[in-house]
Amino acid sequence: MSELIARASRFADRTAIVSDDRSYTYAELDRRSRQVATDLLDGRADLGEARVAFLLPPGFAYVAVQWGIWRAGGVAVPLCEKHPPPSLQYVIEDTDAVAVIYASTFRKLLEPLFYLPDTSFRPLRSLRTMEGALPTVEAGRRAMILYTSGTTGRPKGVVTTHANLSAQIRTLVAAWQWSADDRILNILPLHHVHGIVNVLCCALWSGACCEFLAPFDAQRVFARFRSGELTVFMAVPTIYYKLIGYYRELPAAEQEATSAALRDFRLMVSGSAALPVSTLETWREISGHTLLERYGMTEMGMAVSNPYADERRPGHIGQPLPGVDLRLVDEEGETVADGQPGEIQVRGDNVFLEYWDRPDATAAAFTEDGWFRTGDIAALEEGYYRILGRNSVDIIKSGGYKISALEIEEVLRTHPAIRECGVVGLPDPEWGEVIGACMIVEGTPPDPDALTDWLRERLPGYKLPRRFIFRDELPRNVMGKVTKQELKEHFA
Ligand code: MLC
Ligand code: AMP
């Protein structure tokens with residue numbers, strides 16, 4: 001991301017980040033990230049793509065460390081504080097991370113992993129402040145690994161190069177007309193592209209200000225909305241749903257003041273999951289904005305967006321972004337006619353390099369002629385793409401998080417009382433989908449609360465099933481495979 005970092009000198013005295021009740025300029029970010037890089041290098045010329053993981057709250061230190069890793073020639077691996085130790089260990093070991101940089105607030109969470117032999121755990125405060133020479137990092141080198149759930153159980157590390165990230169940022173900055181006068185509120189988790197690329201990196205590329213607020217809290221978000229200082233906001237549909245719920249509880253005068261402040265925004269964006277038309281319409285009544293819906297994926301950043309200036313069509317994701325090649329193909333790999341459903345396949349500089357250490361999964365994700373298979377099904381209707389579904393029932397989207405049913409099943413099967421299980425996504429107006437688990441157990445079914453506590457030690461909170469049912473058998477087809485569509489009906 002040398003291009004992103006080099007741009008910082010243009011904006012030196014402008015505010016780059018607001019966090020912990022403080023403003024930080026681009027010059028401060030430049031200096032601190034150089035110090036972090038120098039410390040990580042520890043006398044070497046280049047980290048040579050060593051993976052450096054970090055667990056830091058959203059804010060200045062997070063960005064300084066992310067940039068510091070990039071400037072030292074390392075690969076940035078952001079960890080998520082909502083993950084229990086086994087999930088964190090999985091990422092640290094899978095990436096062979098040489099170091100984990102952590103904030104003292106997360107010491108307790110990480111302590112069970114301090115014994116890991118090949119990783120040094122470094123408190124943020126131990127990073128020194130000297131500044132030395134930094135390597136030149138070519139754009140084709142690996143920059144970041146983010147973990148994403150797939151149809152194969154354990155999450156896979158998605159490797160993006162510096163050039164991939166630049167392409168992802170550049171197209172959004174142009175399409176959504178970012179400028180140095182923008183100020184965005186970032187309330188999204190910083191281990192996924194939505195919060196990292198669309199919000200944080202686009203703001204910093206533009207010389208704009210990125211203000212952090214975590215954890216998500218509707219009251220605090222509305223207070224910031226009413227400040228009149230923000231110009232851009234981006235969130236997942238669940239967050240808009242929650243904000244609408246909060247708005248409805250406000251006294252009329254506060255509603256009016258909030259709506260007036262919202263009208264002054266330049267842009268409000270929704271993505272990461274399908275935006276229900278009802279949410280779009282209610283938010284329009286509240287804010288005066290037709291949410292700009294776009295479509296993306298960890299493996300490619302954003303691929304399709306409704307127009308900034310022209311019609312934003314409810315229930316549709318828009319057109320391919322500049323620089324992104326897109327086609328819809330049927331099961332035989334033939335391009336489908338307009339109006340017909342097909343899998344979205346994408347090509348372009350935005351598309352990731354590989355799944356970390358999984359050459360087979362990488363090969364399977366691309367067609368022979370180099371198109372990335374997204375697994376999402378869409379149709380082109382009167383010039384706008386519309387998402388129709390996914391070609392795997394085992395991928396669940398809940399609260400904007402992508403979740404593998406198979407991963408949860410694998411964990412459930414390790415429970416002493418559970419003999420067999422099937423996990424599905426159930427439609428839900430607030431979360432998009434909520435996770436349901438159907439189980440066959442030995443003896444008395446476990447208490448759902450106790451089961452949830454047991455799962456919480458093994459999975460992040462957003463991957464927990466919210467509905468449990470117990471059966472004597474699971475619906476299966478003639479091949480013996482659990483029929484998930486039929487299983488969903490068992491939850492009705
Ligand atoms: C939490 N809860 C859930 C849930 N998650 N219930 C059902 N389904 C879920 N998925 C419950 C908790 O048990 C708890 O209940 C209550 O909600 C609050 O939990 P929380 O963890 O404090 O939730 P909150 O902080 O409010 O989080 C909600 C959220 C969060 C929407 C802010 O999920 C979020 O940040 N989502 C964004 C994910 C994201 O950035 N995705 C982008 C991926 S990139 P109780 O009963 O205890 O109160 C991508 C590509 C692209 O997709 O295109 O962008
Ligand atoms: P992730 O792997 O977390 O990056 O999630 C990417 C997935 O989110 C895509 O493959 C889609 O299934 C889904 N997604 C993102 N944006 C949208 C959208 N606007 N409408 C429907 N689904 C979306």
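**Exercise 1. Is Cys201 buried or exposed, and is Cys201 in a disulfide?**

Cys201 has a relative accessible area of 3% and is therefore buried (under 20% relative accessible area is buried, over 50% exposed and in between partly exposed, with a 1.4 Å probe and protein chains only). The model is predicted: local features need pLDDT of at least 70, side-chain atom pairs count only at pLDDT 80 or more, and totals for chains, interfaces and linings use all residues. Residues are numbered from 1 along each chain as its sequence is written, and side-chain values use heavy atoms, with hydrogens and water left out.

A disulfide is a pair of cysteine sulfur atoms within 2.5 Å. By this rule the model has zero disulfides. For Cys201, the nearest cysteine sulfur belongs to Cys202 and is 7.2 Å away, and Cys201 is in no disulfide.

**Exercise 2. Apply the steps to Cys421.**

The nearest cysteine sulfur to that of Cys421 is that of Cys438, 8.7 Å away, and Cys421 is in no disulfide. Cys421 has 1% relative accessibility and counts as buried.

**Exercise 3. At what angle do helix 9 and helix 11 pack, and which residues make the contact?**

Step 1. Contact means heavy atoms within 4.5 Å. Helix 9 contributes Pro237, Tyr240, Tyr241, Leu243, Ile244, Tyr247 and Arg248, and helix 11 contributes Thr279, Thr282, Trp283 and Ile286.

Key: Chains lettered and ligands numbered in written order. Helix = DSSP H or I, 4+ residues; strand = E, 2+ residues; numbered from the N terminus.
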